Amino acid sequence: MMHKKLQQILNELTEISGIRFALYGSPEEYMGGTFTEDVLSEEQLKALFQSSDAEPVTAGFVSFPLRASEGRLLLVAQGDAPVVLVPGRMAATALQLYFDAVKKETDKNAFAAALLAGEIPAGDLYKQAGRLKLKDVPRVVYLFELAQPLADTAALRMLSSVFADGKQELLFLEDENHLVLIKAYEKGVTPERAKEDALSAINTMLSELMIKTRVGYSLPKHTLAELMDAKREAALALRISAIFQEQKEVAAYSRLGIARLIYELPRDLCELFLHEVFGDRIPDQDIDEEMQVTIRLFFENNLNISETARQLYLHRNTLVYRLERFEKLVGLDIRRFDDAMTFQIAMMVLAHYRQM
C-alpha cells in the first residue's frame with residue numbers, strides 16, 4: 001500500500017513537471033517511478049548512493065537524497081541538471097513531507113503501543129503526548145481479534161486510513177492476530193455510537209481484507225492516562241464473550257452483565273455450585289444437538305411454548321414431551337422461570353469452569 005501511494009505521488013509529480021522520476025531504497029531496491037528500473041545500471045546506482053554530494057549526479061540523471069523510517073532513499077530525476085534541478089528539488093520536498101507525515105503517524109502509534117503496555121512512566125506521559133500533539137479527549141479502545149494473521153503492512157496502512165484518519169486517533173498491531181484502535185470522540189460518544197463503529201469496522205475488515213473479526217471495546221475514557229485500563233476492559237470483554245457468548249462478533253465491556261460476575265468465580269466455588277445443581281454427573285454431554293436448539297429457542301422466546309413450537313415446526317404437545325424428557329435428564333423443569341434461570345447460570349458457570 002505504501003509503494004502504491006508512492007507510485008501515485010510520482011505519477012502526479014511527472015504529470016505536473018514533465019520530468020520522469022524513480023525512487024530507490026538502495027541500489028537493488030526500486031520502489032516505483034515513471035521510468036523503469038533497468039534505465040539505470042547497478043553501477044550507476046551504487047555510485048549515486050555512495051556519493052557524498054548534496055545532489056549526486058550521473059550521466060543524464062540527478063538524484064535527491066530523502067530521509068524516511070526505512071533509512072536514506074534517493075529520488076532520481078531523468079535529465080540534465082539545468083533542466084531537472086528545480087522541479088527535482090520541488091518533487092523531493094513533496095516526497096519528504098509525505099515521509100515526515102508517515103513517520104509522525106508511526107511515532108504516534110508506537111507511543112500508543114508503549115502506553116497500553118505500561119512502558120511510559122507517568123511523569124513522561126504528557127511530555128511525549130505533547131510532542132505528538134495528542135491531548136485528553138474522550139476515547140474508546142477497540143481490540144480486534146482476527147481470524148487470520150494480518151502481517152501485511154500495506155493492509156495495516158489501509159486500515160489506518162479508514163479507521164484512524166483523525167489527528168487524535170491511533171491504530172497499531174499488538175501482534176499479527178490482534179489489532180488495537182484507539183478512537184477519539186471529541187464531542188463525546190454514546191453506547192449506540194460505539195457499537196455502530198465496532199460493527200462498521202468488522203464489516204470493513206470483511207469486505208476489504210476478507211478477514212473475519214471479533215471486537216471487544218472499553219468504556220469511554222477522558223484522559224490518556226486511563227487508556228491502559230481501557231485496553232484491559234476491551235481484552236476482558238473479548239475473553240468473557242468468547243466463553244459465554246460465542247456467536248457474538250461485538251463485545252462491549254459495559255454490556256457483559258452476569259457473565260462478568262461468573263468470570264470472577266474461583267474454581268472451588270464453580271465445583272460447589274455445579275455439584276449443588278447437577279449432583280455427581282454434569283449432563284451437558286448427554287444433551288444432543290436437537291435438544292440444544294430446542295432449549296436455545298425456548299429461552300429466546302421467553303419460555304413461550306406455543307411460539308417455540310411454531311418456530312420448530314412442532315406440535316405443542318411434542319415440544320412439551322421434549323421438555324419433560326429434558327427435565328428427567330437434568331433434574332430441572334425449564335418451563336418454570338426459577339429452574340430456567342438456574343440452568344442458564346449453571347451452563348455459564350460450567351463454561352467458565354472448563355476454561356480454567
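**Exercise 1. Work out how helix 10 and helix 11 are arranged.**

Step 1: Start with the axes, lines fitted to C-alpha atoms over the stretch in contact, with angles from 0 to 180 degrees between N-to-C directions. The axes of helix 10 and helix 11 come within 9 Å and cross at roughly 135°.

Step 2: Name the arrangement. Angles under 35 degrees count as roughly parallel, over 145 as roughly antiparallel, 65 to 115 as roughly perpendicular and the rest as oblique, so helix 10 is oblique to helix 11.

A word on the source: this is a predicted model, in which local features need pLDDT of at least 70 and side-chain atom pairs count only at pLDDT 80 or more, while totals for chains, interfaces and linings use all residues. Residues are numbered from 1 along each chain as its sequence is written, and side-chain values use heavy atoms, leaving out hydrogens and water.

**Exercise 2. Find the residues where helix 10 meets helix 11 and sort them.**

Step 1: Look for contacts (heavy atoms within 4.5 Å). Helix 10 brings Val293, Thr294, Leu297 and Phe298, and helix 11 brings Ile305, Thr308, Gln311 and Leu312.

Step 2: Sort them. Five residues of this contact are nonpolar, three are polar and none is charged.

**Exercise 3. Explore the largest nonpolar core.**

Step 1: Recall that such a core joins buried (under 20% relative accessible area) Ala, Val, Leu, Ile, Met, Phe, Trp, Tyr and Cys residues through side-chain atoms within 4.5 Å. This one has 36 residues, and Phe326 is among those touching the most other members.

Step 2: See who contributes. Helix 13 gives the largest share, six residues.

Methods. Buried means under 20% relative accessible area, exposed over 50%, partly exposed in between (1.4 Å probe, protein chains only). Helices (H or I, at least four residues) and strands (E, at least two) are DSSP runs, numbered from the N terminus. Ala, Val, Leu, Ile, Met, Phe, Trp, Tyr, Cys and Pro count as nonpolar, Asp, Glu, Lys and Arg as charged, and the others, Gly among them, as polar.
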